Amino acid sequence: MTYLSFFKSELKLVIRRKQDIVNSLVFFLMIVTLFPLGVNPSSSFLEPAAGGIIWCSTTLAILMSVETMFKEDFHDGSLEQLVISGLYLPFLILLKLTVQWLAVLLPLLILSPLFSSMLFLPWSILSVLIFTLLLGSPALFLIGTIGAALTLSLRRGAVLMLLIILPFYLPVIIFATGAITAAQTGQDYMGQLAILAAISLAALALSPGMAAISIKASIN
Amino acid sequence: MNWIWFHKLGSPKWFFHWADRWSKLIFIFGVSLFLLGIIWGLVFAPEDYQQGNSFRIIYIHVPSAMLAQSCYLALGISGIVSLVWQMKMAPIFIKSVAPIGAVMAIIALLSGAIWGKPTWGTWWVWDARLTSVLVLFILYMGVIAIQNSFDDTRLSDKAAVVISVVGLINLPIIKYSVDWWNTLHQPATFSIIEKPSMPAEMWVPLLFCVVGLYLFTVGVTCWRMQTELLIREKRSNWIKAEVLDSGV
Amino acid sequence: MQTTLTLSASNLCIERSEKLLCDDLSFRVRAGEILHITGENGAGKSSILKVIAGILQPLSGDLDFSGEDISLYRDVLQAELLFLGHSTGVKNVLTVFENLQLYFPKATDTEINNALMAVNLEGYLVTEAHQLSAGQKKRIALAKLWLTDKKVWLLDEPFSALDTRGIKVLEYKLKEHVECGGLILLTTHQKPSSVLDVKELHLSL
């Protein structure tokens, strides 16, 4: 096995499982629909809340995707093979993560104009939304990976994973929605974007190693 | 600096005997100090000119909030110690301290709510301090949950260590982000403790309560750790000798 | 350069689920040798292989690979290791060819075809693995033995999915591997035929 052959294999896996990606997007659509239906469909409610609604939906969609990241590999024995392959496990995890991230984020970015118009988010703010997604979603994926790695051997680890991971998502959500709200009120939002980038970079430094430790412990 | 004490702490046997000698004393001293502080504060300290008698809740709220944060700090550092030095006692410490920290967080939240009612008119308000204690409580529940979810001790220890280290690193980020979020959404609430202007009759009992509660926590944590050691090392000879000797 | 290929363990203690499986275990396997680990179910046969491969950590003990201490880090061993565990490591969504290509990206089509022929899977080259039976998936994993250049083989129940012809072919392959200087540790319930010259390690509960 080489890093390249692993990366190619992961890409093939994602492409063959297109249904999973479609599911995430439909899920996202459902949550976005939930708020107007459940609360208030008027633009006076939806426009200021749009950033928050989209980010809550993004968080849930990412959590769904991350939760099953290692499950299949664990059950069919390929995770074992990765650990003893002699390759650097944190980097393998990073490659896998990157493929997942692309698989979830690219469709999301393409559909973001649709979602923002459904929530009455002005076009001028769309670019800020896209920036927050680009800068904040890596952090969510990276931190989520640690949770997935810790709970992969549990039969019903999904709820436990959410419990552990959600507190760490709060800063990302706070700053991402903060940036969008600031843009909506005409204020400066570069600070918030910078912090999002910083959190993602810190997660990039920390998560692959932590996830590798967790995987090695879990595969007994 | 002499690091021998640090490595001694890592030996279960040494800790067990140390705790046997000292933990009861620490616990009793802590409880008495806390009771002293709380009776003084609740009954004898003068009324606050602004809040009347309701401010007295700080004698419970402040110590418990401080302890909730300190316990998590200790938990996180313990996780780092476990990762770097592979100290066997570290996961045991994490397991013992986590429920205590969680209870402290609940007490802080409840006392904060009790304080909030007469002061702000509502039981709950999303201010920075209460919200960060709430998040801290959820973090504690995460550590406790993950330790109880695995049958294999080695795995549950490793998982708890990873989550505490990640939590420790995230804690300042979460605190900062909640503070920042709060400045956006709330008008500045008056400071909860006006430190310099507190007369001695007010902050001395507070000090007693804080120190007393810390000592109480140390005592209880030692007991919990001893119990955990009894369970884990039940096959080793020194534990068998302990049990037979002292009839525990 | 000729280096003496040996794998040795000393005073290995292995624990699983709070139960002591192996206590103070020591053995040595040299190039050209096959170590056959026997014992009842649950005695720890798979666990030994997993400990050597680096999936499990032993409670205590040392491992040595050709003179290098690998007790803490198995990197040196893993570079020369092929491990076939109880789970096949076969991805259901990929075809048989893609599954093998993942582990052997440089293998040519002919080589892969020959390997599949040896395990009686010719014709399934582009079949997606989820369409195959459990036994066939195990044979995909076995096909790796015909494609690898790694010297140390750790095989957990390699004969379990094979018919008599398959067993003969695999035994021949194992014999060929050790004659070329390789080293094998395997677990199996069956008694290996006299074709193979094995050392035995028996574990009791």
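1. Let's start with a strand pair in chain C. Strand 1 (residues 6–16) and strand 4 (residues 60–65) of chain C run antiparallel and are joined by 5 bridges. Across from C:L7 you'll find C:F65, in strand 4 of chain C. Two strands pair if DSSP finds at least two bridges between them. Helices (H or I, at least four residues) and strands (E, at least two) are DSSP runs, numbered from the N terminus.

2. Before going on, a word on what you're looking at. This is a predicted model, in which local features need pLDDT of at least 70, side-chain atom pairs count only at pLDDT 80 or more, and totals for chains, interfaces and linings use all residues. Residues are numbered from 1 along each chain as its sequence is written, while chains are lettered from A and ligands numbered from 1 in the order in which they are written.

3. Back to the sheet in chain C. It is an open sheet of 4 strands in the order 2-1-4-5, with antiparallel pairing. Strand 2 (19–30) and strand 5 (68–69) of chain C are the edge strands, each pairing on one side only. Helix 1 (residues 45–53) of chain C packs on the sheet, where it touches strand 1, strand 2 and strand 4 of chain C. The direction of this helix makes about 120° with that of strand 1 of chain C. For such angles, axes are lines fitted to C-alpha atoms, for helices over the stretch in contact, and angles run from 0 to 180 degrees between N-to-C directions. Two residues are in contact if their C-beta atoms, placed from the backbone, lie within 7 Å.

4. Now have a look at C:Q101, which sits in helix 3 of chain C. Is C:Q101 buried or exposed? C:Q101 counts as buried because it has 20 C-beta neighbours inside 10 Å. The cut-offs: a residue is buried if 20 or more other C-beta atoms lie within 10 Å of its own, exposed if 12 or fewer, and partly exposed in between, with C-beta atoms placed from the backbone.

5. Chain C also meets chain A: 23 residues of chain C are in contact with 21 residues of chain A. On the chain C side, helix 2 (75–78), strand 6 (81–84) and helix 3 each give two or more residues. Helix 3 of chain C has the largest share, 4 residues. By type, the chain C side has 12 nonpolar, 8 polar and 3 charged residues. Here Ala, Val, Leu, Ile, Met, Phe, Trp, Tyr, Cys and Pro count as nonpolar, Asp, Glu, Lys and Arg as charged, and the others, Gly among them, as polar.

6. Last, chain B. It has 8 helices and 0 strands, and buried residues make up 41% of its 248 residues. Among contacts in chain B with a separation of 6 or more, 80% come from residues 24 or more positions apart.
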